[in-house]
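Here are a few notes to read with the model open beside you.

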Amino acid sequence: MLVFLDTEFTDFAKPDLISLALVAEDGREFYAERTDYRKNECSAFVHETVLPLLGRVPGAACTSKELTDRVRAWFAAFPEPATVIFDFGTDWHLLAVAMLGRPQKNPPADFATPLYLDSHTINHPVFEKAQNLIYTQDWPPHHALADARALMAGYRAWRDFMERIRRIK
């Protein structure tokens, strides 16, 4: 099962998770917003762009402990380990912290295989076009759930495009 990951966090220097979104290829979605992140460590960008987007998903607010329980339960519902697709390494790191409930570099090995999409993929015109079609006024960039949905759309379009090229060769 492919699962697309995005997070929002306080700043690049010392990221503290604010929100986490997971979108599975079968349509299942997970979204949570931490209530106990370090608000005083948010960058100006986060204050201006990310924080105003919070509160759009009922029931998403939780503590870091509740987040750990929720995200573990969500992944446990899959019949086999997932492949988690992400485009920024910090997202994978913050998922590890959320899964384990403590600082950690990688999530437990038995729950998922990471698949990092590099700049050659995410900057491909087919990827970007499909990704940008997902965003709306209600679901703009820098909302983790909108970004995870857009990541899935971009990846699917890029994968289909590349598959057609492989068949030609």
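Predicted model: local features only at pLDDT ≥ 70, side-chain atom pairs only at ≥ 80, totals over all residues.

1. Residues are numbered from 1 along each chain as its sequence is written, and side-chain values use heavy atoms, with hydrogens and water left out.

2. Have a look at T10, in the loop between strand 1 (2–9) and strand 2 (17–24); strands (E, at least two residues) and helices (H or I, at least four) are DSSP runs, numbered from the N terminus. T10 counts as buried because its relative accessibility is 0% (buried is under 20% relative accessible area, with a 1.4 Å probe and protein chains only).

3. The T10 side chain reaches the backbone nitrogen of D16 at 2.9 Å. A polar atom of that side chain also lies 3.4 Å from the backbone oxygen of K14. Beyond four places in sequence, T10 is in contact (heavy atoms within 4.5 Å) with residues including Y37, R38 and E41.

4. Next, helix 2 (residues 64–76) and helix 3 (residues 89–100): their axes come within 7 Å and cross at roughly 100 degrees. The axes are lines fitted to C-alpha atoms over the stretch in contact, with angles from 0 to 180 degrees between N-to-C directions. The two helices are therefore roughly perpendicular (65 to 115 degrees). Among the residues that meet are L67 and F75 in helix 2 and L95 and M99 in helix 3.

5. Finally, H143 sits in the loop between helix 5 (125–134) and helix 6 (144–168). H143 counts as buried, at 1% relative accessibility, and touches E8, Y31, E33, L53, R56 and V57, leaving out residues up to four places away in sequence.

Note on methods. Buried < 20%, exposed > 50% of the residue type's maximum accessible area, 1.4 Å probe, protein only. Polar contact = N/O pair within 3.5 Å; in protein donor to acceptor, adjacent residues only side chain to side chain. Parallel < 35°, antiparallel > 145°, perpendicular 65-115°, else oblique.
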